[in-house]
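Trainee: I should like to learn how to read a protein model step by step. May we go through this one together?

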Amino acid sequence: MDSRTLITLKNLTFGYPQCEPVLKEAELEIRAGERIGLIGAIGSGKTTLLHAIVGLLRPDRGTIEVFDQARQEERDFWEVRERVGLLFQDPDDQLFCPTVQEDIAFGPLNQGKRRSEIEGIVHRSLGLVGLEGFEDRITHHLSGGEKRLVSLAAVLAMEPDVLLLDEPENGLDPPSYERIRSLLLSLPQAMIIVSHNVEFLQAVTTRCLRLEEGGIKSHLGHLRN
């Protein structure tokens with residue numbers, strides 16, 4: 001069994017300007033194959049933690065190690081963003097192209113995939129989230145739930161080694177919710193899933209952690225084998 005440590009956060013501290021630190025010496029380790037649920041009150045720093053891992057926010061103190069390398073400068077995170085897929089909490093922060101196909105193709109094209117491969121990648125990614133035939137849809141005409149699914153398809157299209165998913169089930173209708181639940185259970189990637197839905201996390205994660213008072217305070221145990 002692969003038990004490599006993929007991400008290690010040590011003493012991570014971060015505060016927004018003129019505010020108390022939202023992260024206070026937070027520590028976290030994720031190994032290959034783990035699916036970690038992260039819960040906490042609104043404003044507790046869950047999204048901040050995910051953004052720090054991929055370098056969108058820089059900590060005031062502490063260290064971020066990803067794939068056995070310390071990440072500090074902007075160029076250190078270039079590889080991280082290719083290999084760690086971040087699903088934003090708000091799909092409108094992730095989708096910026098006119099059509100669904102263009103949004104999903106953007107990442108693979110930047111990875112150097114050939115245009116002859118792109119149609120198949122887009123088709124497979126949409127199939128995973130249950131949106132077959134959405135390639136030519138206008139992105140800003142989609143419903144909130146459809147935008148969330150397209151955003152997830154765009155992340156999966158890049159075939160990342162780790163998934164950071166910020167409320168992936170939020171706003172989905174029951175059939176889409178069940179499909180995403182089953183999909184996450186089937187994926188081989190390590191992942192951190194932020195959600196307020198404890199039932200969802202119990203269904204899809206191997207362990208669940210709580211972010212509280214700036215640190216990861218309590219371990220709620222393994223939820224699935």
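**Reading the model**

Mentor: Phe-14 is buried, with a relative accessible area of 9%. Please bear in mind throughout that this is a predicted model.

Trainee: Is Tyr-16 buried, partly exposed or exposed?

Mentor: A residue is buried under 20% relative accessible area and exposed over 50%. Tyr-16 has a relative accessible area of 35%, so Tyr-16 is partly exposed.

Trainee: What kind of aromatic pair do Phe-14 and Tyr-16 form?

Mentor: A search of the whole structure finds 3 aromatic pairs. In the pair of Phe-14 and Tyr-16, the ring centres are 4.7 Å apart and the planes stand at 90°. Planes over 60 degrees apart count as edge-to-face. The pair is therefore edge-to-face.

Trainee: What span should helix H4 have, and how far apart are its end C-alpha atoms?

Mentor: Helix H4 covers residues 115-128, which makes 14 residues. At 1.5 Å a residue, the helix should span 20 Å. This agrees with the distance between its end C-alpha atoms, which is 21 Å.

Trainee: Which helices do the buried residues of H4 pack against?

Mentor: The buried residues of H4 include Ile-118, Ile-121 and Val-122. Gly-130, with a positive phi near 80°, follows the helix. The buried residues of H4 pack against H3, H5 and helix H6 (174-186).

Trainee: Which element gives the largest share of the lining of the largest pocket?

Mentor: The largest pocket holds about 580 Å³ of space. Among the 21 residues that line the pocket, the closest to its centre are Arg-81, Phe-88, Gln-94, Phe-106 and Met-158. Helix H2 (76-83), strand E6 (84-87), helix H3 (100-110) and helix H5 (144-156) each give two or more residues to the lining. The largest share, 4 residues, comes from H3.

Trainee: How many residues of that lining are nonpolar?

Mentor: By class, the lining of the largest pocket has 5 polar and 4 charged residues. The number of nonpolar residues is 12.

Methods
Residues are numbered from 1 along each chain as its sequence is written. This is a predicted model: local features need pLDDT of at least 70, side-chain atom pairs count only at pLDDT 80 or more; totals for chains, interfaces and linings use all residues. Side-chain values use heavy atoms; hydrogens and water are left out. On a 1 Å grid over the protein atoms alone, a cavity is a set of points where a 1.4 Å probe fits but cannot get out, and a pocket is an open set with protein on both sides within 12 Å along at least five of seven lines; lining residues have an atom within 4 Å of a point. Grid points are joined across faces, edges and corners, and a volume is the space filled by probe spheres set on the points. Ala, Val, Leu, Ile, Met, Phe, Trp, Tyr, Cys and Pro count as nonpolar, Asp, Glu, Lys and Arg as charged, and the others, Gly among them, as polar. The expected span of a helix is 1.5 Å times one less than its number of residues. Buried means under 20% relative accessible area, exposed over 50%, partly exposed in between (1.4 Å probe, protein chains only). Contact means heavy atoms within 4.5 Å. Rings of Phe, Tyr and Trp (its six-membered ring) pair if their centres lie within 6.5 Å; planes under 30 degrees apart count as stacked, over 60 as edge-to-face and the rest as tilted.
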